[in-house]
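Hi,

Here is the structure I said I would pass on.

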Amino acid sequence: MEIKVESIGTTLVVKMYGEIDHHSAQTFRETVDRELAMKNIVNIVMDFDGVTFMDSSGIGVLVGRYKQIAARGGKMMIIRVKPQVDKILEISGLKKIMECSH
Amino acid sequence: MENYMKLEIPAKSCNEAFARAAVAAFSVQLDLSVEELADIKTAVSEAVTNSIVHGYPDMKGTVKITCRIIENILEIEVTDCGIGIENIGQAMQPLFTTGSENERSGMGFTVMQTFMDELAVESEPGVGTTVKMKKRIRG
């Protein structure tokens, strides 16, 4: 998995490429948390256009980042979600707490 | 059609991607849809990750994966000889997890149940755990 981050004002844009599972979740978590610790970030946009697979390990990471952003009074959204990832987001209930779009 | 395959991997997280890809590659001889293939990959990923994370907390041991095709049904068994599950009913509850570190979502069994047609879990503390899943391929 490859991950690119870019901050635009107080919004962090996270671009993911590849498969998110228990093995790659650690890189995902650490990369985002490093940005949150260093910069004045309020919102996160997760760009999932390059994500070809995600299992429930990814849900754990997304919920953890969502909690941090919610504590800062911000919003998190996931964009360009593929059907396999959409199904996981749906059954986990994540779509009820954050904006997810195709 | 009848066919089978057996795979054994050390309980290393880098093997999770290999395990689901191997099962997916075996499954494509069935005439399955893109969604069915994604469902199978996801369910296998959950079962193998459970064995690695929960079965072997010290990351030492092996995970065995057996797949069988009987007509249009794919059977998958994921077995570990790890610490086992004390209370299977509780482990299968959505959001329940013992993995407090690293933000486990507690959704693994729920995903397997949702994405496959049948799920059975056999476990004995100190002996290990076997997860049996079946999916009827509609194509």
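One definition before the rest: the radius of gyration here is taken over C-alpha atoms, and the globule rule is 2.2 Å times the number of residues to the power 0.38. Please also keep in mind that this is a predicted model.

So how does chain B do against that rule? With its 139 residues, a compact globule would have a radius of gyration near 14 Å, and chain B has 14 Å, so the two agree. Along its principal axes, the C-alpha trace of chain B spans about 40 × 25 × 25 Å. Buried residues account for 38% of the 139 residues in this chain. If you look at contacts in chain B with a separation of 6 or more, 68% of them are between residues 24 or more positions apart.

On to the fold. Chain B has four helices and five strands, and from the N terminus on they come in the order β-α-α-β-β-α-α-β-β.

Strand E1 (residues 2–10) of chain B runs antiparallel to strand E2 (residues 62–70) of chain B, with nine bridges joining them. If you want a pair to find on screen, B:Glu8 has B:Lys64 in E2(B) as its bridge partner. E2(B) also pairs with strand E3 (residues 73–80) of chain B, again in the antiparallel sense, over eight bridges. There, B:Ile70 stands opposite B:Ile73 in E3(B). E2(B) and E3(B) make a hairpin with two residues between them, and B:Glu71 in the turn has a positive phi of about 55°.

Next, the inside. In soluble globular proteins, nonpolar side chains tend to be buried together. The largest nonpolar core here has 51 residues, and B:Val23, B:Ala43, B:Val44 and B:Met112 are the ones with the most contacts inside it. H2(B) gives the most to this core, with seven residues. Leaving aside residues up to four places away in sequence, B:Val44 touches B:Ala19, B:Arg20, B:Val23 and B:Ile76.

Finally, the contact between the chains. Which elements does chain B use? The contact takes 20 residues from chain B and 18 residues from chain A. On the chain B side, helix H1 (15–27), helix H2 (34–55) and helix H4 (108–115) are the elements that give two or more residues. The largest share, eight residues, comes from H2(B). By type, this side of chain B divides into six nonpolar, eight polar and six charged residues.

Cheers

Note on methods: Residues are numbered from 1 along each chain as its sequence is written. Chains are lettered from A and ligands numbered from 1 in the order in which they are written. This is a predicted model: local features need pLDDT of at least 70, side-chain atom pairs count only at pLDDT 80 or more; totals for chains, interfaces and linings use all residues. Two residues are in contact if their C-beta atoms, placed from the backbone, lie within 7 Å. Ala, Val, Leu, Ile, Met, Phe, Trp, Tyr, Cys and Pro count as nonpolar, Asp, Glu, Lys and Arg as charged, and the others, Gly among them, as polar. A residue is buried if 20 or more other C-beta atoms lie within 10 Å of its own, exposed if 12 or fewer, and partly exposed in between; C-beta atoms are placed from the backbone. A nonpolar core is a set of buried Ala, Val, Leu, Ile, Met, Phe, Trp, Tyr and Cys residues joined through C-beta atoms within 7 Å. Two strands pair if DSSP finds at least two bridges between them.
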